[in-house]
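Got a model open and want to know where its labels come from? Let's go through them one by one.

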Amino acid sequence: MFEKYMIVETDVENVVEDGQLIGFRFGARLPYYRGLGLSMVEEIVVTIDDEPIPQDQITLTLHGNTYTMAQMEVEPDDRWNMGEVAHITVSKPGGLTAGVHRVGLLVNLRIGYMPFPSIRRSEKTITVG
Amino acid sequence: MNQSKIKRGVSLYSYQEEFFLRKLSLEGCIAAAAATGATGIEMVGEQSIVGFPKLTDAFVDQWFGWMETYGVTPVCHDMFLDYTRFKNRRMTTDEALQSIIRDLKFANRLGFKVMRIIVNTTPELMELAAPYAEEYDVKMGIEVHSPWHINSAWMARHWEVMERTGSKYLGFIPDMGAFTKRLARVMTDRLIRQGANPDIVAFVTEQHEQGVMAEYIIAQVAQRSKRPMDMAVAELSRHNIYVNPNSLLQHIPRIFHIHAKFYEMLDDYTEFSVPYDEIIPVLQKGGYTGYLSSEYEGNRHIQDIHEVDSVEQVRRQQVMFTNLLANA
């Protein structure tokens with residue numbers, strides 16, 4: 001459900017801080033038909049060219065608020081709204097090298113009325129200029 | 001010819017593809033629903049309202065302004081109960097009750113007189129919430145969603161609470177997906193694209209149409225294939241059940257609202273899998289006077305290969321309802 005729209009492949013950029021390339025970020029949508037409190041996002045897994053990014057090197061930013069994965073777990077009220085483009089920032093010194101990369105995203109949702117985890121995956125090819 | 005008392009509504013859930021992609025705004029969804037001639041609006045608050053459950057006075061004014069502009073009425077708010085809201089524990093009963101009260105207040109403020117209760121809500125919680133439903137004047141209908149049907153054990157337990165309390169605020173909201181006479185082609189085609197064997201699909205759809213028990217279909221497919229995608233095809237028959245629409249008759253006084261689920265409206269204004277021409281006469285015979293609320297759910301099965309046109313799909317279903325209701 002909505003897997004096709006999870007990664008916003010036109011919204012990828014390297015992140016510069018104090019003149020240094022410290023990582024990259026990309027647009028991401030919740031693959032679900034309603035918004036959810038962040039604590040119900042059980043897991044976000046990002047891979048770059050099949051290499052998994054450690055959990056402590058990812059943050060999620062939405063409507064001006066930034067969360068580590070650990071902070072999301074204990075935030076039941078702030079909502080990733082339906083269709084809202086949030087940004088996942090990956091700490092990676094040097095950012096993404098110029099050229100073509102494959103970005104993978106797995107989102108695991110804890111939905112109260114489902115007797116199993118709702119796991120959705122997507123992979124998109126992106127080009128860094 | 002009797003004028004049918006059944007009313008036509010649209011759940012804005014139907015436009016989820018366009019709303020998700022910001023091709024339609026909330027007002028655009030309401031306008032699309034109204035353009036079909038439907039008069040009732042159903043909304044999933046957690047879907048349509050950014051920052052749910054917060055409502056500003058300005059938004060509430062705008063909401064009722066839209067209702068007036070487009071000549072429609074708020075009918076049903078669909079709630080969720082996130083028992084899994086906290087990572088390491090389930091919600092307590094009191095937290096769950098407070099969550100329901102939150103939604104009752106939300107529904108009341110936007111003028112919804114009915115609230116869809118998500119199916120995982122326990123009968124015990126319904127009993128605790130009934131006095132609040134009365135206080136906020138919002139009827140609570142447990143959603144009877146396939147693979148449950150109205151006489152499933154879980155629904156029998158809910159019915160016991162309705163009978164015992166005698167509350168006029170507790171009832172049912174059947175989803176017409178429990179009358180899947182033919183498996184939806186949009187679902188089987190998607191599974192074929194994902195690797196399912198077309199021969200297995202042909203077998204399962206044929207068995208389902210014959211009314212063979214889902215467990216038997218699954219057992220037979222399991223002997224022919226070990227591939228997960230083939231098993232997923234067999235399991236469609238378990239998740240998309242067909243029971244006799246007459247099963248609704250004895251419950252009509254307790255039916256507050258109806259989710260007119262559909263997956264694919266064809267050019268000839270018929271739905272591929274749900275036999276509305278058989279369902280609507282049952283509702284009329286039983287004296288149902290509530291809404292038939294369009295609930296399009298085909299988008300998720302075709303979005304990988306097609307542009308989705310939810311507006312056209314809902315329009316076609318509403319034309320079908322107009323025709324079937326006129327034939328009463």
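Two strands count as paired if DSSP finds at least two bridges between them. Keep in mind that this is a predicted model.

Q: What makes β2(A) and β9(A) a pair?
A: The cut-off is at least two bridges, and these strands have 6, running in the antiparallel sense. One of the residues involved is Gly23(A), whose bridge partner in β9(A) is Ser91(A). Strand β9 covers residues 86–91 of chain A.

Q: How do you know that β1(A) pairs with β2(A)?
A: The rule again asks for at least two bridges. Here 8 bridges join residues 7–17 to residues 20–28, so by that rule the strands pair, and they run antiparallel. As an example, Glu13(A) has Arg25(A) as its bridge partner in β2(A).

Q: Why is the radius of gyration of chain A said to agree with a compact globule?
A: Because a compact globule of 129 residues would come out near 14 Å, and chain A has 14 Å. Along its principal axes, the C-alpha trace spans about 45 × 25 × 25 Å.

Q: What share of the residues in chain A is called buried?
A: A residue needs 20 or more other C-beta atoms within 10 Å of its own, and 27% of the 129 residues qualify.

Q: How many helices and strands does chain A have, and in which pattern?
A: There are 1 helix and 11 strands, in the order β-β-β-β-β-β-β-α-β-β-β-β along the sequence.

Technical notes: Residues numbered from 1 in each chain as written. Chains lettered and ligands numbered in written order. Predicted model: local features only at pLDDT ≥ 70, side-chain atom pairs only at ≥ 80, totals over all residues. Helix = DSSP H or I, 4+ residues; strand = E, 2+ residues; numbered from the N terminus. Rg over C-alpha atoms; globule rule 2.2 N^0.38 Å. Buried ≥ 20, exposed ≤ 12 C-beta atoms within 10 Å, placed from the backbone.
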